[in-house]
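Please look over the sequence and the model before reading on.

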Amino acid sequence: MVEVKNVNKSFGDTQVLFDVSAKFEPGRMNLIIGASGQGKSVLAKCIVGLHEVDQGQIIYDGRDFSAMNRTERTVIRKEIGMLFQGSALFDSLTVIENVMFPLRMFTEMTEAEMRERASFCLNRVNIVGKDGLLPAECSGGMQKRIGIARAIAMNPKYLFCDEPNSGLDPKTSIVIDNLIRELTYEYKMTTIVITHDMNSVMEVGDHIIFINQGRKWWEGTNKEIIKTDNEEVVSFVYASSFMKTLREKLINS
Amino acid sequence: MNLFEHIGRFVMMLRSVFSKPEKAKVFRKRFFNEIDYIVINSIPLVAFLSVFMGAVISLQTASNMSSPLLPEYTIGYITRQSTILEFSPTIISLIIAGKVGSNIASEIGTMRVTEQIDALEIMGVNSIGYLMLPKILATMIFFPFVTIISMVLSLLGGWIAGVQSGLYSTETYVYGIQAFWNVDSHGLYYALTKSVVFAFILTAIPSYYGYYTRGGALEVGRSSTKAVVASSVVILLANYILTQLILI
């Protein structure tokens, strides 16, 4: 479980996060949603340690990550897998080398064992026969799946996904969402997904946190978000007239 | 950011650069790749420049020697001294700073803006050490050899230009190259010391600018330009300081 306790974060004079607290439990899809510029990416970066919190705590299964030094954090970092918005695959490495990278850095596996594990992860995300390609030769959806394969290569306890659907068509988005959900349930990972894709919210949102103006504005499930009367949540989730109509139909039914 | 903040951040960065690599095997592989990428790939350009610069130095010296009191072997002597003291360590470093510096800054800068550096950090990799140490060490160790190659080829260029134009004979030129070597040989130590320092500058400064790039493609281009300008300026400053310290 990942716990965020009273986190505050500022950049210069601008405070971005105000006293945010949340619990993200394993084995379910935890979504952080919110409009652009409201602080959800900053919160995610604070959780994984790319930004230091000004006040508050980030706790990984009882271990206070925010109080650790770089060396101590390395232990937890090896338990984290992350899928980036732009996939962040290493340009100079082939598909299989990208997936093998964390294994090469942090395990004593032989070349054959690493290759076997990387092939297993690539198979798990339905990438077959693309081992020798460079990331630039793969489509956006493939890059995301390779990113997921790399993220799960070390059997992580925690999986972070930063806007996994950005730049993808709706069909591929659903494939990626379902894949992340399957892996989360299968490996009982604590998964946190930052998204503003409403399909994802409705499809896979087991636990949703809505961030607005740097504060945790709302918390609930995908079933609860349909019925919520929180004005900001409604105006964000049901921004289009199509979504408004859909919501009315769902509530009435 | 002002100059002092840049210097402070650069020094802090160096602490991470020279920390122990996570995996010796990975470091070794990257080290040899960087030798190929930075050092070996620079040799054709260095060779081309050195031959022609050596030729020009000797021809200009010959054409300016109007006094009958100056012996003809002075041409070889001046070519040797110009090449060893300044051309091969300093001018070649400046040129390589342009070629390699922009490459390093744009490579690391692109990794920054495409979140590849964040990916390394989240995995628990010391991204600064992983990316920069092999580049800096490979260049510092092998750049002196490039400098020596440059010296040899520059002297060869001077010989070819003078002999084929009939301005001096091979014997005179070789005699000039050998002249006063017992008292001037410390110039080689000075040149190689400079080349090690310049190798550090031309890799560490572009790495710094690349690593701290923020934004997108435009900023990567800007970082690349800043890296080349800053490393060239620092090479010239270091050249002055080292000359004062070693030669004077």
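The notes below go from the chain interface to one helix and then to the domains.

This is a predicted model, in which local features need pLDDT of at least 70, side-chain atom pairs count only at pLDDT 80 or more, and totals for chains, interfaces and linings use all residues. Residues are numbered from 1 along each chain as its sequence is written, while chains are lettered from A and ligands numbered from 1 in the order in which they are written.

**Interface between the chains**
- Chain B puts 13 residues in contact with 14 residues of chain A (contact: C-beta atoms, placed from the backbone, lie within 7 Å).
- Helix H5 (residues 116–123) of chain B supplies the largest share of the chain B side, 6 residues (helices are DSSP runs of H or I, at least four residues, and strands are runs of E, at least two, numbered from the N terminus).
- That side of chain B has 5 nonpolar, 3 polar and 5 charged residues (Ala, Val, Leu, Ile, Met, Phe, Trp, Tyr, Cys and Pro count as nonpolar, Asp, Glu, Lys and Arg as charged, and the others, Gly among them, as polar).

**Helix H5 of chain B**
- Of the 8 residues of H5(B), 7 are buried (20 or more other C-beta atoms within 10 Å of the residue's own, all placed from the backbone).
- The buried residues include B:Ile117, B:Leu120 and B:Glu121.
- In chain A, the buried residues of H5(B) pack against helix H1 (40–48), helix H2 (70–77), strand S6 (80–83) and helix H3 (95–106).
- In chain B, they pack against helix H4 (74–113) and helix H6 (127–165).
- B:Gly124 follows H5(B) and has a positive phi, near 100 degrees.

**Domains of chain A**
- Chain A is assigned domain 1 (1–79 + 158–176 + 188–222) and domain 2 (91–155), with bounds from an automatic or database domain assignment.
- The C-alpha centres of domain 1 and domain 2 of chain A are 25 Å apart.
- Their contact takes 7 residues from domain 1 of chain A and 6 residues from domain 2 of chain A.

Technical notes
Contact = placed C-beta atoms within 7 Å. Buried ≥ 20, exposed ≤ 12 C-beta atoms within 10 Å, placed from the backbone.
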